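The entries are in the order in which I looked things up.

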Amino acid sequence: QVQLVESGGGLVQAGGSLRLSCTASGGTFSSYSMGWFRQALGKEREFVAAISRSGQFVTYADSVKGRFTISRDNAKNTVFLRMDSLKPDDTAIYYCAADWTLGLATRSSSREEYDYWGQGTQVTVSS
């Protein structure tokens, strides 16, 4: 059983930056591709970014491409989401998720592929 704990959320003005962290325990972190998703009030949970097991491959939602950067440190069992040029539309609860996979390039944008989820961290961007 893998436990995921997110941190780094908060209140920021539009145009500002935040860095989210997600630390895993209870499993072999390098066996999982990792993803970030978000859910705004009244909306479906949506894909933000994903990273392969080694960190070599990444994928982004079009809405965050060029503004957000996903990375990971397997020695620290942690995945990061650097968010720059934040907009009010980025306001949501952000969740990290882990997908156990044998695929070295796997980084799914589908919620159904992920096996474990964190509790989420709130990000609020004021205009």
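Entry 1, terms. I call a residue buried under 20% relative accessible area, exposed over 50% and partly exposed in between, with a 1.4 Å probe and protein chains only. Helices (H or I, at least four residues) and strands (E, at least two) are DSSP runs, numbered from the N terminus. The model is predicted, so I note its limits: local features need pLDDT of at least 70, side-chain atom pairs count only at pLDDT 80 or more, and totals for chains, interfaces and linings use all residues. Residues are numbered from 1 along each chain as its sequence is written, and side-chain values use heavy atoms, with hydrogens and water left out.

Entry 2, strand S4. I looked up residues 32–39, which form S4, and found seven of the eight buried. Two strands pair if DSSP finds at least two bridges between them. S4 runs antiparallel to strand S9 (residues 92–100), and eight bridges join them. I picked out Gly35, whose bridge partner in S9 is Ala97. With strand S5 (residues 46–51), S4 has five bridges, again in the antiparallel sense. Here Met34 stands opposite Ile51. S4 and S5 make a hairpin with six residues between them. In its turn, Gly42 has a positive phi of about 80°.

Rolling a probe the size of a water molecule over the atoms shows where empty space is left. A cavity is a set of points, on a 1 Å grid over the protein atoms alone, where a 1.4 Å probe fits but cannot get out; lining residues have an atom within 4 Å of a point. Grid points are joined across faces, edges and corners, and a volume is the space filled by probe spheres set on the points. I found one cavity of 30 Å³ or more. The largest cavity holds about 40 Å³ of space. Which residues line the largest cavity? I listed Val2, Ala24, Ser25, Gly27, Thr28, Phe29, Tyr32, Met34 and Ala98. Strand S3 (18–25) and S4 each supply at least two residues of this lining.

Entry 4, the open sheet. I traced four strands in the order S1-S3-S8-S7, with antiparallel pairing. Strand S1 (3–7) and strand S7 (68–73) are the edge strands, each pairing on one side only. S1 and S3 share five bridges in the antiparallel sense. I noted that Ser7 stands opposite Ser21 in S3.

Notes:
1 Å grid on protein atoms, 1.4 Å probe; cavity = no way out; pocket = protein on both sides within 12 Å on 5 of 7 lines; lining within 4 Å.
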